[in-house]
Amino acid sequence: MRTCVALEALCVLLLPLTHIAGAFWPNVHFWLCAAVTFFASFAIFYWLRRARGCGSTTAVLYVFSALAISEVEIYVCSLIGTYGFYVAAALSLLQFPCMLSARKNKLANDIESFTPNDDFFGFATTLLSSKRFLTATATSIGVLSIVDGFLRGYPDGTPIAFQPATRVAYGLLTIAICVIVISLMMHKRKSVMTVGMFILLELFACAALVLYAAFPDMPDIGAVFTTTLNALLVAFTWYIIIAFMSFGWRDPYYYALGGWIVWLGCRAIARVTLINVQSLSTNDLLINAIMGTCVVISTQVALGQFLKVSQMEADERHDLHVRRMERLEKQLSRAQANVEALTILKNNAGEYSECAACANAAPMGAGAAGAVGTPNPLQCAGVMPIESVDQGETADKSRNAQPGSKRGMRLVRLMGLDEGDSIADIRKATMRNNAEQMGKQFLLSDREIEVLALYALGWTQKRVAEELYISPSTAHAHIKRIYAKTGLHSRQEILDFMDQYTS
């Protein structure tokens, strides 16, 4: 993280010098911009990683406030010419004190916030529902990014220059949308970040398309909505990446890179197509038709995916209801049989008390071992235990939690939303359980238990600190306290203790 921030600032400082280096290396400006994007992206991934496990409202406030602040910073830097590069580099280096400050404050997942049941962070049904929604959303973002790429490169793939008025209009519009989204989430409005966000993105794409056609000589007017669409896609992608990090079991950077590739990759494909396909750049009618078709396709993909998920959830609920009714019918039948058996037992109590089979029968609900000699006239009379109505529903839900096709399984696994039951994951869960048991024995704090679980896995103190968002010195202090409380003196002694005294 520190290296990425330093290299990002260095590349930004070198950008004003590209007019000199360009005489010797014509593409130096392009490669420096690419380097800035690369290093800045990994810095962003670090901050997204810190937000995993948080609530929906916290995530919205996190990403959309960051977007609004960045728009102000970019606008200020654009006003001061070459000095803007130096200001941008200084702002980049400002991340260092921010990291130190963040380590002293509580994590985002410790902040309680409103999370709607129909949102990516709070599904009320099965875990598979969240996986399906996330998979559907990632697919829809990819298609919508293609639309964004075509719109940003209209009509020939080259960037559209803003005029001062349209530059201000874009900034104000983006900030206003961010404020509205945050306000709606703070007021606990539902479906804001699911259906509502996709409708908003589609409306901006349609508005840009109409304005490009209405003002062909002033493309910067349409670019106001196009660039706002791009900015909102950035924030929405950040939001979805945090959701993936929260639900998935793989390394958080896997989801961050995947989300960035889906968004930037699809957008880049559209831009490159516009630049290299001559028939598109010279035919406004054709390119407008293609962009309109892409908007329709992206809408249908999002709508179709969400309808499919809703239908699958409805089918699962129906299947669970049918199985529950079958269990209720079985219960009723068994209860009626028991009433008849109890009536017979009551009328013939003397005969059952002297029955040898009753004396050798196992007690109801117990195992056969050690049960000989306990009179059990109920079982001998044919009275059967009645299982709970809810018994077996866990198995039903577990059955429903499996993807319905090999194709779906591959897609879920590719996105890192499978169960992650590898040997490493099982070992990590086991070590966490062992650390919790040691914590109860030696009165360790919650943070010390977290440190102990990772330290016993063989992680270095530095890696433990990075995983828990604490400084290496804090991690070292926790480990010293663990040794002091347990009376152990090495990692191997900790492992030996776990092996001998924990299950």
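So, phenylalanine 497: buried, at a relative accessible area of 14%, where buried means under 20%, exposed over 50% and partly exposed in between, with a 1.4 Å probe and protein chains only. This is a predicted model, so keep in mind that local features need pLDDT of at least 70 and side-chain atom pairs pLDDT 80 or more, while totals for chains, interfaces and linings use all residues. Numbering runs from 1 along each chain as its sequence is written, and side-chain values use heavy atoms, with hydrogens and water left out.

Phenylalanine 497 pairs with phenylalanine 442, tilted, 5.4 Å centre to centre and 55° between planes. Rings of Phe, Tyr and Trp (its six-membered ring) pair if their centres lie within 6.5 Å; under 30 degrees is stacked, over 60 edge-to-face, the rest tilted.

Next, tyrosine 455 and tyrosine 483: centres 6.3 Å apart, planes at 80°, so edge-to-face. Tyrosine 455 is buried at 10%, and tyrosine 483 at 18%. Arginine 491 also lies over the face of tyrosine 455, 4.1 Å from the ring centre.

Now the other ring group. Which residues do ring pairs link into a cluster? Phe38, Phe39, Phe42, Phe45, Trp260 and Trp263. In total, the structure holds 16 aromatic pairs.

Methods
A charge sits over a ring if NZ of Lys or CZ of Arg is within 6 Å of the ring centre and within 35 degrees of the ring normal.
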